[in-house]
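Subject: Structure for you to look at

Hi,

Here is the structure I promised to pass on. Could you have a look when you get a moment?

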Amino acid sequence: MPTFPPPGLVEEFCDHVLRHDFPDLPSERRRSTVAFTVRRVAGLPSPMKLAVTVVAVAVGALGRVAGTHRLVQLLAARPLPVLGEYVRLVRSLAYAYVWDTWPDTTHTGRPAAAATPAGEARPSVAVSSA
Amino acid sequence: MNVTRHTELEDTRLEAEVLVVGSGAGGATTAATLAEAGFDVLVVEEGAAVRQGEVVPFSLDQMDHQYRNGGVTAAVGFPSIAYTEGCCVGGGTEINSGLYRRPPEEVLERWRRRHGIVGFSTEELYAICDEVERELSVQPVPGAQTAPSEAMRRGAARLGWRHEEIPRWMTYHGAGDARSGRRQSMSETYLPRARAAGARVLAGIRVDRLVLDDGRAVRALVTTADGRPGTIDAAHVFVCGGAIQTPALLQRSGLRHRIGRSLAVHPTVKLAARFDEDVNVADDVPVYQVKEFAPDLSFGGSASGPGLAALALSDSWARFGPAIDDWRRLAVYYAAITSEGRGAVRALPGLRDPLVTYRLTRRDRELLGRGLARLALLMLEAGATAVYPSYRGAPVVRSRADLATLTGTFAAGRASVMTVHLCSTVPLGTATDSFGRVHGTANVYVNDASLLPDAPGVNPQGSVMAVAIRNARHFVETVERVS
């Protein structure tokens, strides 16, 4: 049975967003963050999941034409309606995971000197709302 | 607390005199009231039973185990509004801030007047509040406050703005400082009471729909978390799944009249404030709230762990991102408004979850911007050296001079708007009679946040519990029992 949104689409897009936003994030951490994001997107409420599927397919198609890296650069510079919400969703999940899991990550994704070895998760500390 | 998990059930064909769907502030109080009055009560909860201490408060781990959809839920609109729902034994009371307020008298008066609710006296409701406050050990923090809480108090005091410590339902140990509290959530209080009086509590059971025959619910069709179908036959059904799931279940059951059309929330916008000293507290929220501009606007503090701090900075990451390198000096705060907008909950054929929408009015959008600017000022007065508002294109606010830029560039459509207070989707006196019985039915009752006729302007759990206990007592006094 097919899963929605197709995990490969979200995975590729998230990977590019992370490479763009956090150029120094070690690859093991990036992979772990992408996996988390894909898992959370798969658990969205069904109407949101349908909407994300439509947008992810459109972004995937645009990415094949223009290049996903260029598309992410464009969306980072000029958030577009609907597409911008997709970027925001992926970012919010990924950012929360990175700093919840490795709190001593710097803003470029580099593990701080005293941080745990790359890929080794610390105990979960915090993420939620008001 | 002893809860039966779905995996322990040999037979998924169950019977009860009263079925209570949901185990949060409404469901748990309903179950305790009815069980103590001698009814045979079965509580079913879709989520799992998680003991206090098993997960870190306000962590991703907690969101995995106790939030619906892992905490990633939103009301669609311009902008969309992120919200969270509890999905565990005890419901939202297991994951919220634990702050307690009675429903304000003017709010009760408004509800009585506009919705024609009968037998809704302030005296009766406040007498119930007295009981609830004793049961939950509602009290101020006896010892030291946390640094972000103290910052909020300091800023408000310097500006001469009205502010107050909001009591919490906690018991405290040792020195009684803010972080030593033990939550007196439903799994610690009303659910054990219900069980002691004979109620059964089953976790991991989702009610898909109610089967109605001539306006009377005769059966609930359910699915266990491991996918087994089942049925529950009951003489009376109380739907207490919260302001999103309750109307969705009623709609799936064919009950749609005035149901799910009037979602009310307290929309909030956030900022991160940087101080010269360590202020970050990952596992707790500040207890001070600023009420100078209430009821339209109120300010408070959020959980601020590094994940949340990064989230608060993410809308303008290129400029704000470096602040995360020093997250221990960051704390996150919110400005909440009393919204004139309304939303809707719609169960869609073939989809498991409902579509939730919300529309902010122009006044709401302006108020969010004004609130964020005032909150930024409050943080500067509290000693923040930099303030990072959560919207795309926001300036870093370092002095009062920057506030004009904030006001000039804010647009709600670019902000990360969120809420945790959802209510009013099955309003008392409108979609139900004055005691929660759904119009057009003989034995289907709603008894949770869905009933509150509009957003009360304060943390709503106290209002939900008072109304739920009142309605459950009325049921006990008036229902004709089938022998």
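First, a term: pLDDT is the predictor's confidence in each residue, on a scale from 0 to 100. This is a predicted model, in which local features need pLDDT of at least 70 and side-chain atom pairs count only at pLDDT 80 or more, while totals for chains, interfaces and linings use all residues. Residues are numbered from 1 along each chain as its sequence is written, and chains are lettered from A and ligands numbered from 1 in the order in which they are written.

On confidence: the complex has an ipTM of 0.92 and a pTM of 0.94 from the predictor. Chain B has a mean pLDDT of 96, with 99% of its residues scoring at least 70. For chain A the mean is 84, and 85% of the residues reach 70 or more. Please watch residues 114–130 of chain A, where pLDDT stays under 50. The model still has 65 contacts beyond four places in sequence for that stretch (a contact means C-beta atoms, placed from the backbone, within 7 Å).

Now the interface. On chain A, 29 residues are in contact with 45 residues of chain B. The largest share of chain A's side, 10 residues, comes from α5(A) (helices are DSSP runs of H or I, at least four residues, and strands are runs of E, at least two, numbered from the N terminus). By class, that side of chain A has 16 nonpolar, eight polar and five charged residues. Here Ala, Val, Leu, Ile, Met, Phe, Trp, Tyr, Cys and Pro count as nonpolar, Asp, Glu, Lys and Arg as charged, and the others, Gly among them, as polar.

Chain B has some backbone details to check:

- A cis peptide bond joins Phe78(B) and Pro79(B), with omega about 5°; Pro79(B) is in the loop between β4 (73–75) and β5 (81–83) of chain B.
- Ala294(B) to Pro295(B) is also a cis peptide bond, omega near 5°, and Pro295(B) sits in the loop between β16 (288–290) and β17 (297–301) of chain B.
- Phe58(B), a residue other than glycine, has a positive phi near 65°. Phe58(B) counts as buried, with 28 C-beta neighbours inside 10 Å (buried is 20 or more other C-beta atoms within 10 Å of its own, exposed 12 or fewer, partly exposed in between, with C-beta atoms placed from the backbone).
- Ser424(B) has a positive phi too, near 75°, and is buried with 26 other C-beta atoms within 10 Å.

Cheers

Key
Two residues are in contact if their C-beta atoms, placed from the backbone, lie within 7 Å.
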